[in-house]
Amino acid sequence: MRVRRRERRSRAAVATATAALLVLLGAVAGCDAADDTGPGGSSEARRPSPRPTPPWDRSPDSVAAVGDSITRGFDACTVLADCPEVSWATGTEPTVRSVAWRLLGRAGATARTWNHAKSGARIAELPEQMARAVADRPELVTVMVGANDACRDDVSHMTSVADFRTYFETSVKKFRGELPKSQLYVSSVPDLKRLWSEGRVNPMGKQIWALGICQSMLASPDAMDAAAVARRESVRERVVAYNKVLEDVCARDSRCRYDGGAVFEYRFTGDQLSQWDWFHPSRNGQQRLAEIAYRNITAARPPE
């Protein structure tokens with residue numbers, strides 16, 4: 001009996017010693033872990049996770065522009081002539097303070113900008129313009145095109161929405177394939193019906209329109225019969241459709257920013273129209289376009 005009691009006491013002692021050893025080892029391990037990581041826990045846990053680089057750079061260092069006569073500053077300085085120095089995108093005129101001026105300063109706007117827009121251009125010419133723009137390797141390319149696709153001698157000659165999409169997609173594909181890290185800022189097409197409503201009150205403007213400017217919208221500006229009203233509405237609907245294409249295609253590219261319809265919705269007046277043709281932006285109009293674009297380019301979030 002005494003032998004059995006001694007065996008039980010011996011086993012109990014071994015169990016107690018083993019438990020104590022396990023506790024001691026656990027404490028040592030805990031101390032080692034604390035020594036490795038400090039009071040904040042794991043060193044990996046304390047290290048802040050890397051923040052992803054935002055895809056949109058709000059301060060690009062060079063700017064190229066593509067598009068039509070609006071971006072060339074046509075009829076803003078003298079009659080029937082381009083005036084790129086007042087361009088909303090790349091101009092160097094202090095009173096306009098173009099997008100490039102605001103981003104780069106006057107010296108930068110002179111040295112690190114390229115204007116490949118062409119007066120009279122339609123969307124079909126955009127891929128060629130884009131090819132020239134990407135050769136300059138800019139960090140930002142601005143796009144404003146589409147007014148001439150809706151401004152035709154007859155509504156039946158307006159560029160189809162399908163063709164508009166094809167040419168714009170081709171242009172964006174060319175841009176992205178050549179410049180994977182550069183950015184694209186896309187302006188909406190202006191509201192041509194508002195242009196009609198603002199300019200028709202000016203007798204001189206109506207005389208100039210009669211020479212053949214944007215007849216799909218501006219022909220017979222005082223006519224209010226059903227056919228004239230329907231014609232103007234058809235043009236407006238086509239512009240809305242073009243803007244939808246610009247928005248949709250741009251949305252598929254994280255480095256493309258559409259203006260959210262800001263130019264289309266802008267409530268411009270006669271002060272923003274050229275006094276020579278009551279169609280193109282004046283210096284004042286170019287300044288307003290620059291303000292809209294700069295605000296959207298430098299915003300923390302894209303316009304909605």
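Thr-170 is located in helix H7, where helices (H or I, at least four residues) are DSSP runs numbered from the N terminus. The model is predicted, and local features need pLDDT of at least 70, side-chain atom pairs count only at pLDDT 80 or more, and totals for chains, interfaces and linings use all residues. Residues are numbered from 1 along each chain as its sequence is written, and side-chain values use heavy atoms, with hydrogens and water left out.

With a relative accessibility of 40%, Thr-170 counts as partly exposed (buried, under 20% relative accessible area; exposed, over 50%; partly exposed, in between; 1.4 Å probe, protein chains only). Its C-alpha atom is separated by 9.6 Å from that of Met-130, 40 residues apart along the chain.

Helix H7 (residues 161–178) packs with helix H11 (residues 226–251) at an angle of about 30°, the axes being 10 Å apart. Axes are lines fitted to C-alpha atoms over the stretch in contact, and angles run from 0 to 180 degrees between N-to-C directions. H7 is therefore roughly parallel to H11 (angles under 35 degrees). The residues of H7 that meet H11 include Phe-164, Phe-168 and Val-172, and their counterparts in H11 include Tyr-242, Val-245 and Val-249 (contact, heavy atoms within 4.5 Å).

Phe-164 and Tyr-242 form a stacked aromatic pair, 4.2 Å centre to centre with 10° between the planes (ring centres within 6.5 Å, planes under 30 degrees apart). The pair joins helix H7 to helix H11 across 78 residues, and both Phe-164 and Tyr-242 are buried.

Terms used:
Helix = DSSP H or I, 4+ residues; strand = E, 2+ residues; numbered from the N terminus. Parallel < 35°, antiparallel > 145°, perpendicular 65-115°, else oblique. Phe/Tyr/Trp six-rings, centres within 6.5 Å; stacked < 30°, edge-to-face > 60°.
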